[in-house]
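Visitor: Could you walk me through this model? I would like to go through the sheets, the helices and the ligand.

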Amino acid sequence: MLMTSIAALFPGPVVVEASTLLPDAELFADECAFVQAAVPKRRAEFASARVLARKALAALGAPLVSLVPAPDRSPVWPLGYTGSISHCSDYCAVVVARSRDIRSLGLDVEDKRELDPAMQDLVLTRAERQWLESQLPVLRPVLPILIFSAKEAYYKCQYPITGGFLDFQDVELAIEWASGTFEARVLKTGWPAAVARLSGRFVVDPDRVGCGVALMPD
Ligand SMILES: CC(C)(COP(=O)(O)OP(=O)(O)OC[C@H]1O[C@@H](n2cnc3c(N)ncnc32)[C@H](O)[C@@H]1OP(=O)(O)O)[C@@H](O)C(=O)NCCC(=O)NCCS
């Protein structure tokens with residue numbers, strides 16, 4: 001997926017870096033320790049994300065720092081910056097921005113594939129299923145993975161604000177295929193208003209599906 005296509009998923013000034021996995025990516029000692037026990041694929045995606053994130057942050061003038069995740073595994077960005085990370089089979093993408101331009105970012109990239117029926121049951125709400133059935137047959141195979149990806153992007157964007165967990169059934173998507181946009185709406189009551197409804201953009205290329213959500217400053 002082109003880096004320019006990923007950058008276009010966001011409404012404000014962002015820097016995107018993306019690449020196939022970088023097996024020899026160099027890490028800080030504390031980052032190495034964090035993934036020491038992980039399988040090689042996980043180490044490669046973690047390391048790739050750190051190298052790409054440092055490159056993107058440097059383009060914004062941020063200091064060169066270690067990027068060890070928080071205990072809940074969410075990313076920790078240098079003060080004054082925000083970002084989001086996604087990996088899929090052999091690919092990793094990172095988006096970063098200055099916090100004064102964008103409050104929070106959510107990026108998700110998935111391999112373009114049909115979502116198996118059990119996953120569809122987990123991910124899609126009843127309304128989303130009905131909407132799916134009304135769509136053109138040629139589009140239908142890609143829409144479940146697109147909804148999955150949009151929910152993941154929404155989740156990553158809202159998490160730094162709420163620190164809260166959401167199930168796939170807690171979020172409902174309204175997708176507008178022609179404009180490449182969607183709106184994610186939280187169905188459960190009491191969710192913080194700032195993130196209870198956020199809009200996002202998507203891109204579909206021959207290999208991957210990408211979704212981006214941004215929360216702008218007040
Ligand atoms: C966090 C989560 C969304 C990641 O999505 P994924 O498709 O499995 O994996 P991706 O490769 O796209 O993203 C991984 C990156 O997400 C980031 N991430 C992890 N937890 C995060 C959180 N709570 N908030 C924001 N970003 C998070 C990390 O940077 C991670 O990369 P890293 O481990 O190299 O640092 C997923 O693992 C998860 O915890 N889901 C539970 C909640 C959920 O999915 N609800 C349904 C949607 S509403």
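Predicted model: local features only at pLDDT ≥ 70, side-chain atom pairs only at ≥ 80, totals over all residues.

Visitor: Let us start with the ligand. How many residues surround it, and which are the closest?

Guide: The ligand is surrounded by 21 residues. The closest are Arg 42, Ser 86, Glu 152, Lys 156 and Leu 166.

Visitor: What is the distance from the side chain of Arg 42 to an oxygen atom of the ligand?

Guide: An N or O atom in the side chain of Arg 42 is 2.6 Å from an oxygen atom of the ligand. For Arg 50, a side-chain N or O atom is 2.8 Å from a ligand oxygen atom. Glu 152 also takes part, with a polar side-chain atom that lies 2.6 Å from an oxygen atom of the ligand.

Visitor: And how much of the ligand does the protein bury?

Guide: The protein buries 82% of the 910 Å² that the ligand exposes when taken alone.

Visitor: Now the sheets. What is the strand order in the sheet of five strands?

Guide: The order is S4-S8-S7-S6-S5 in an open sheet, and the pairing is antiparallel.

Visitor: How many bridges join S4 to S8?

Guide: Eight bridges join S4 to strand S8 (residues 208-215), and the two run antiparallel. Within this pair, Ser 104 stands opposite Leu 215 in S8.

Visitor: What about S7 and its partners, S6 and S8?

Guide: S6 and S7 run antiparallel and are joined by five bridges. Ala 184 has Leu 198 in S7 as its bridge partner. Five bridges also join S7 to S8, again antiparallel, and the bridge partner of Gly 200 is Val 213 in S8. A hairpin through three residues joins S7 to S8.

Visitor: Which helix lies across this sheet?

Guide: Helix H6 (residues 143-162) lies across S4, S5, strand S6 (181-186), strand S7 (197-204) and S8. H6 runs at about 155° to S4.

Visitor: Which helix packs with H6, and at what angle?

Guide: Helix H5 (residues 126-133) packs with H6 at an angle of about 145°, and their axes are 11 Å apart. The crossing of H5 past H6 is right-handed. On the H5 side, the contact is made by Glu 128, Trp 131 and Leu 132. On the H6 side, Leu 143, Pro 144, Ile 147 and Lys 151 make the contact.

Visitor: Changing topic, what is the strand order in the sheet of three strands?

Guide: That open sheet has the order S1-S3-S2, with antiparallel pairing. Its edge strands, strand S1 (15-20) and strand S2 (81-88), each pair on one side only. Neighbouring strands of this sheet are turned by 10° against each other on average, direction ignored.

Visitor: How many bridges join S2 to S3?

Guide: S2 is joined to strand S3 (residues 91-98) by eight bridges, and these strands run antiparallel. Ser 84 has Val 95 in S3 as its bridge partner.

Visitor: And which helix lies across S1, S2 and S3?

Guide: Helix H3 (residues 40-59) lies across these strands, running at about 30° to S3.

Terms used. Residues numbered from 1 in each chain as written. Heavy atoms only, no water. Pairing = 2+ DSSP bridges. Helix = DSSP H or I, 4+ residues; strand = E, 2+ residues; numbered from the N terminus. Contact = heavy atoms within 4.5 Å. Axes fitted to C-alpha atoms, helices over the stretch in contact; angles between N-to-C directions. Near = heavy atom within 4 Å. Polar contact = N/O pair within 3.5 Å; in protein donor to acceptor, adjacent residues only side chain to side chain. Areas by Shrake-Rupley, 256 points an atom, 1.4 Å probe, with all protein chains shown as cover. Left-handed = near helix turned anticlockwise from the far one by under 90°.
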